Amino acid sequence: MPEKDNIMDAIAESNKSVVTGIDEKDIEHWITIWILGREYKVPAGLTIMQAMEFSGYRFVRSCGCRAGFCGACTTVYRIEGDYRLKTAMACQTRIEEGMYLTQIPFTPAERANYDINKLAPGIEALLTNYPEILRCLGCNACTKACPQDIDVMEYIAAGKRGDVGLMAELSFDCIQCGLCAIRCPAELAQYNYAQLARRLHGKYETPIPGYCLNRVKEIESGKFDAELDKLVKTSNEELRKLYTARDIEKA
Amino acid sequence: MAELKFIGGYPEYMRKHIDIVNSTRAQRKDFTPEAMTMEQRDEVLKLHPDYAPGGKRAIALGPNKGDMAPNEVADLLEAYPLIQGNEMDVSKPDYTVDLLVIGGGLAGTTAAVWANDTGIDKNKILLVNKLRHGDANSIMAEGGTQAADREDDSPDRHFLDAIGGGHFTNKPDVLKELVKDAPFIMKWLCDLGAMIDREKDNSFVEKGGGGTSRCRMHACKDYTGLEELRVIRDEFRNREIPYLEYLPVVELLTDGNRVTGAVLYNLETGDYKIVQAKATILATGGFGRLHVRGFPTTNHYGATCDGVVLAYRIGAKLRDTDTVQYHPTGAAYPQQIIGLLLTEKLRSMGAQPLNKDGEAFVFPLEPRDVEASSFIRECYVKDKGIITPTGMRGIWLDTPMIELKNGKGTIEKSFPGMFRMFQRFDLDIRKDPVLVFPTLHYQNGGVETDPWGKTNIAGLWVAGEVSGGVHGKNRLMGNSTLDCLVFGRRSGISTAEYLKSNPQYGKLSIDHLNNYVKLLKEAGIETSRKAPVLLPDYRGKAVLARMIDIF
Ligand SMILES: Cc1cc2nc3c(=O)[nH]c(=O)nc-3n(C[C@H](O)[C@H](O)[C@H](O)COP(=O)(O)OP(=O)(O)OC[C@H]3O[C@@H](n4cnc5c(N)ncnc54)[C@H](O)[C@@H]3O)c2cc1C
Ligand code: SF4
Ligand code: SF4
Ligand code: FES
């Protein structure tokens, strides 16, 4: 155990590999991957993103949140000896021996401009903005490509029926990485249609709870102003007392 | 590592500890350790990275000279500009707009939409981004957004919770607007079509969070920020407000008194562009990628403190620079995701922190600094942590308890993002606990503002994580996305009102850099450090040792 005054140093030491880049001398196991066709030996167990950085790539594109939320690090790869083309997010996927990979930093996909206030949930809103949705061939390539395991084909099918609620639910975890669109033989931009469906569903099919609307009115009418103004002027000693005396609702 | 035998994604020795956790779960179900008294909190906080010895120094120059800041932040304030006064011509604008918004997270995107709503023509607005529009901390918010909208809750309660959590250092007049606008913001999100979690009767699902006395956390599964930002961004795009990507601001321009524009740098082609603007909103987010005190971080790739550095150089006042928020539950295993966030909502829904003996040792929903400190104590003072194959210490977060308390299927339904992240590395959080340790999460302090986002510098507004004051020295969960939405909106409205008074364009200059360099020299700062840093560098050490600059 570290001395009390050295705890921070001990913590920093244990985090070194994530914070300052990986040092070769700490590595026991190596594998071979191919980045844009060139061979690199990299420490086993890294993510694709970490492995590219280890190899000397400093990202400008293809790196955003580094945690699987933003869809920037879209990657396509093949494993040596396997004909299948696979897809992944570089920040969330471990490298494998013999991985041949490239990234797709940008998807040129069509999106419509609309005024959400002038639409109604249903088939019409989808067809006016994205008539091409009917071209879906039902081939399932999108679903296979989706790194979020979303049933893309199914949400497109829901869209074709005008079921925006189902389309919204099924597509909710979409990080808009563009892989479905890249793989689609019908040249659709599925994730943009899903965005529209979710907004239609959120706006028109789930009304705002009455108590929330009520509270907004109460605030606008100044109901809480006196109490808040008093708190703003209250001394810290007094605030401390009020704070300690709060009753706490069980989570 | 290959000698280790893995069972369900964990090495055998860790599996033994997990067995203890799994076998004691039923008897822990109805037990929760008591919340700490104020005195107990003060005691454990001594172990917090903010208060543990070292790590900070007094800022050597500028408006906040003498204030304490983490060394990593002070290093950037005490660094030389990337461009020097006479090196380039900044007088000819490539873009001339009324409003420049810097940074397209929740704060910046909301600001642009509301400026447009308040009457600024879309073509008179420009939003610039360092990365893609949306590659931001905002998109990663998992847990939720606070709003005191239920009948048994109130804005003043929200105020008390926040100011107590902030150790009574919050700027009260700014905090007041945060809590007052919150219910309206929920309504606005719904009007735009955001899918906020609902109960069967259509009321919002509202959970508690660390330091909240009422359940007021509104979430969109564990993709709250993703949903909020993609909806607002969609609205932004529908309005065709112009935006640029991969063109970070590397310096603000002034006419000597007020901000008049900015210098953009094209990260790919290496040339610069000049923006002339009458009003500027700085919304560049936080600084997790500075890895304060060597901690890993939850933050996105571009969280490098740029906004604070740029504003400070033109004389903007900062506040609360001495504290940093560490989130108690960053992933400590597996290696690939160290530091990434495990949302506080896991604890709101029953996941307990446990030590290596499977004991619940702390109230799960203390304010973040207290909770994080108690984890450090358990691992590094009491020696009750679990040591990973890479030498990290961590404690268990008993995620399967969530299903025991809320029913089977809860995890996949409420935490699809978390479940997926661990599943990708062969771990099942429904069956086994996860190992956690504090991670660098949030920039508490920042550029000081008034309740409309205005700074002490004319022409400059700030909104979101780059600002300081509303959270004081510690922010509660769910108050930051709220902060971005409330003060993004307010700064958008405020700049629009200002623009209606028809201010003139000002001279474009970087003369203020000469002054700053003079101050640096006077303070005796001899260094090759330059700032802003724009992006961190994680390239392998062996490659870096052989870099040459010949092309
Ligand atoms: C993993 C995670 C989970 C979180 N969970 C929650 C939660 O549940 N609830 C909550 O309330 N808060 C949460 N937070 C905090 C909250 O998400 C952020 O504090 C908030 O979204 C910050 O928003 P922002 O708009 O200020 O900054 P950001 O969203 O970070 O946006 C800033 C943008 O500015 C860009 N930028 C930076 N520098 C420059 C430059 N020089 N020029 C141009 N552009 C620049 C950045 O690239 C970025 O796109 C979480 C944060 C993280 C990291
Ligand atoms: S639905 Fe398409 S854009 Fe969305 S995550 Fe899946 S592949 Fe990516
Ligand atoms: S890839 Fe295109 S055509 Fe095939 S199922 Fe998906 S949307 Fe339809
Ligand atoms: S970098 Fe955001 S998903 Fe990978």
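This report describes the interface, the ligand surroundings and some of the strand pairings of a predicted model.

## Basis of the model

Local features are given where pLDDT is at least 70, side-chain atom pairs count only at pLDDT 80 or more, and totals for chains, interfaces and linings use all residues of this predicted model. Residues are numbered from 1 along each chain as its sequence is written, chains are lettered from A and ligands numbered from 1 in the order in which they are written, and side-chain values use heavy atoms, with hydrogens and water left out.

## Interface of chain A and chain B

On the side of chain A, 97 residues are in contact with 119 residues of chain B, where contact means heavy atoms within 4.5 Å. The two chains bury about 9,600 Å² between them, with 57% of this on carbon and sulfur atoms; buried area is the accessible area (1.4 Å probe) that two parts lose on being put together, summed over both. Within chain A, the residues that lose the most area to chain B are Phe69(A), Phe172(A) and Tyr243(A), which together make up 8% of what that side buries.

The rule finds 13 salt bridges across the interface of chain A and chain B, a salt bridge being a side-chain nitrogen of Lys or Arg within 4 Å of a carboxyl oxygen of Asp or Glu. Asp173(A) forms a salt bridge with Lys221(B), in which the closest N and O atoms are 3.4 Å apart. By class, the side of chain A that touches chain B has 46 nonpolar, 25 polar and 26 charged residues, where Ala, Val, Leu, Ile, Met, Phe, Trp, Tyr, Cys and Pro count as nonpolar, Asp, Glu, Lys and Arg as charged, and the others, Gly among them, as polar.

## Surroundings of the ligands

Around ligand 1 there are 38 residues, of which Ser138(B), Gly143(B), Glu465(B), Ser480(B) and Thr481(B) come nearest; a residue is near a molecule if one of its heavy atoms lies within 4 Å of it. A polar side-chain atom of Ser138(B) lies 2.5 Å from an oxygen atom of ligand 1, and an N or O atom in the side chain of Ser480(B) is 2.6 Å from an oxygen atom of ligand 1. For Asp135(B), a polar backbone atom is 2.9 Å from an oxygen atom of this ligand.

Ligand 2 has 13 residues around it, and those that come nearest are Cys146(A), Cys174(A), Cys177(A), Gly178(A) and Cys180(A). The elements that give two or more residues to this shell are α6 (152-160) and α8 (179-183) of chain A, helices being DSSP runs of H or I with at least four residues and strands runs of E with at least two, numbered from the N terminus. The shell around ligand 2 has ten nonpolar and three polar residues, and no charged residues.

## Strand pairings

In chain A, six bridges join strand β1 (residues 30-35) to strand β2 (residues 38-43), which run antiparallel; two strands pair if DSSP finds at least two bridges between them. Ile33(A) stands opposite Tyr40(A) in β2(A). The two strands form a hairpin with two residues between them, and Leu36(A) in the turn has a positive phi of about 50°.

In chain B, three strands form an open sheet of mixed pairing in the order β15-β21-β23, with β15 (318-319) and β23 (467-468) as the edge strands, each pairing on one side only. Two bridges join β15(B) to strand β21 (residues 446-448), and these strands run antiparallel; Gly446(B) is the bridge partner of Arg319(B).

Technical notes: Polar contact = N/O pair within 3.5 Å; in protein donor to acceptor, adjacent residues only side chain to side chain.
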